[in-house]
Amino acid sequence: MIQVKNISKSFHTPVVQEGRFSGLRTLFSKQYHIREAVRSINFTIDQGDFIGYIGPNGAGKSTTIKMLTGILHPTSGEVRIHGVNPHRDRRSVVQRLGVVFGQRSQLWWDLPVKDSYDILAHMYKVDPKDKMKRLGTLAELLDLEEFWATPVRKLSLGQRMRADIAAAMIHDPDILFLDEPTIGLDISAKRNIRGFLKTLNKEFGKTVLLTTHDMDDIEQLCERVMVINHGELTYDGTIQHLRKKIGLPTLITVAFTGEFHVPVSSTHPINIVETNDHDVTVEINREELNAMDILRELSTWGEVEDIHMEEPAFEDIIHRVY
């Protein structure tokens, strides 16, 4: 469905001249700094995939999405969406794409939400019957009717984001590109957006590429994650494999019914983090030791009453990747 072959994007920034008439001299100068925003990226996205595309600020996430949608032309390499190049045949490709930029709205600021949908439907040449049916489904899933007649400028951030996602779906695209759709939203609004995106992917078969700094979005929504840093793709695979690759320790807290004895040495690689009167916390690498082996070992220390296991936070894993 989406094929990205060795794409790169460089930006030329003029070198600022010093001294008298510096602005004019800079304008006509042929000296440039070259900054590579994206460097030799390759990946393939299939129908129905839900992929997280993550990286620190300035890593190249938004630049990649703009190249996928045809807004920016790659300096080198090629993008194919359903076999079509979005830079050479953008009109054809955009009919199959929905795009949401979390910090920009595609809705008309002073118009009621519903009027913006009418304009977008006309732009995409959506049949009036299809438009009404689609808007009915979107209104039900996203609770749009509560602000149907409200000017966009008066919407809360959560309402505007729901309205923007609905706008991106007005022409029923196969693919949805989301650039930080939950930025600045409260917990309730994030939950609503995530629930809708799950429905789009699981029930309607939409392909979704999501960029975000919210690791909860990635853990709850994405089956696959791609990590970009300094313009290069540094990881492409499942979250589970990423956890194994980084190898951060799992914390296990064991409560004992009475006295317990911590051995001076152990046959397994166990690191004691903390001990109290009736419990002990240890950390283990799940790649070196499975859960059953550690439980057998801990049960020899005393009579076990309760066990709590805590996997490393996904944010810690991503921080290690960056």
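Analyst: Let's start with a pair of strands: β5 and β6 run parallel and are joined by five bridges. Keep in mind that this is a predicted model.

User: Thanks! Which residue stands opposite Leu176 of β6?

Analyst: That would be Gly98.

User: And which helix lies across β5 and β6?

Analyst: Helix α6 does, running at about 160° to β5.

User: What's the strand order in the sheet that holds β5 and β6?

Analyst: The order is β5-β6-β7-β3-β8-β9. It is an open sheet of six strands with mixed pairing. The edges are β5 and β9, each of which pairs on one side only. On average, neighbouring strands here are turned by 15° against each other, ignoring direction.

User: How do β8 and β9 pair, parallel or antiparallel?

Analyst: Antiparallel, over five bridges, with β8 covering residues 224–229 and β9 covering residues 232–237.

User: How many residues sit between β8 and β9?

Analyst: Two, and the strands form a hairpin. His230 in the turn has a positive phi of about 55°.

User: How many bridges join β10 to β12?

Analyst: Six, between β10 (residues 250–256) and β12 (residues 279–284). Leu251, for instance, stands opposite Glu283 in β12.

User: Where do the side chains of a regular strand go, in general?

Analyst: They alternate between the two faces of the sheet.

User: OK, salt bridges now. How many does the structure hold?

Analyst: It holds 15 salt bridges.

User: Which residue does Asp110 meet in a salt bridge?

Analyst: Arg153, with 2.9 Å from N to O. Asp110 sits in the loop between β5 (97–101) and α4 (113–123), and Arg153 in the loop between α5 (128–142) and α6 (157–168), so this pair ties together parts that are 43 residues apart in sequence.

User: Is Asp110 buried or exposed?

Analyst: Asp110 is exposed, at 54% relative accessible area. Arg153 counts as partly exposed, at 43%.

User: And what does Asp118 pair with?

Analyst: Asp118 forms a salt bridge with Lys131, and their closest N and O atoms are 2.9 Å apart. Since Asp118 lies in helix α4 and Lys131 in helix α5, the pair ties together parts 13 residues apart in sequence. Asp118 is partly exposed, with a relative accessible area of 27%, whereas Lys131 is buried at 15%.

User: What about Lys190, which Asp does it bridge to at 2.7 Å?

Analyst: Asp214, where 2.7 Å separates the closest N and O atoms. This pair links distant parts of the chain, 24 residues apart: Asp214 is in the loop between β7 (207–211) and α8 (215–221), and Lys190 is in helix α7 (residues 187–202). Both Asp214 and Lys190 are buried.

User: Which residues are linked with them in a network?

Analyst: Arg194 and Asp217 join Lys190 and Asp214 in a network of salt bridges.

User: Tell me about Arg194. Which helix is it in?

Analyst: Arg194 lies in helix α7 and counts as buried, at 9% relative accessibility. Leaving aside neighbours within four places in sequence, Arg194 is in contact with Asp214, Asp216, Asp217, Gln220 and Leu221. Arg194 and Thr182 are 12 residues apart in sequence, and their C-alpha atoms are 8.6 Å apart in space.

User: Last one: where is His171?

Analyst: His171 is in the loop between α6 and β6 (175–179).

User: Buried or exposed?

Analyst: His171 counts as buried, at 9% relative accessibility, because buried here means under 20%.

User: What does the His171 side chain reach at 3.5 Å?

Analyst: The backbone oxygen of Val94. Beyond neighbours within four places in sequence, the residues in contact with His171 include Val94, Gln95, Leu97 and Gly98, along with Tyr124, Val126 and Arg134. Gly98 is the residue opposite Leu176 in β6 that we began with.

Notes
Residues numbered from 1 in each chain as written. Predicted model: local features only at pLDDT ≥ 70, side-chain atom pairs only at ≥ 80, totals over all residues. Heavy atoms only, no water. Salt bridge = Lys/Arg side-chain N within 4 Å of Asp/Glu carboxyl O. Helix = DSSP H or I, 4+ residues; strand = E, 2+ residues; numbered from the N terminus. Buried < 20%, exposed > 50% of the residue type's maximum accessible area, 1.4 Å probe, protein only. Pairing = 2+ DSSP bridges. Polar contact = N/O pair within 3.5 Å; in protein donor to acceptor, adjacent residues only side chain to side chain. Contact = heavy atoms within 4.5 Å. Axes fitted to C-alpha atoms, helices over the stretch in contact; angles between N-to-C directions.
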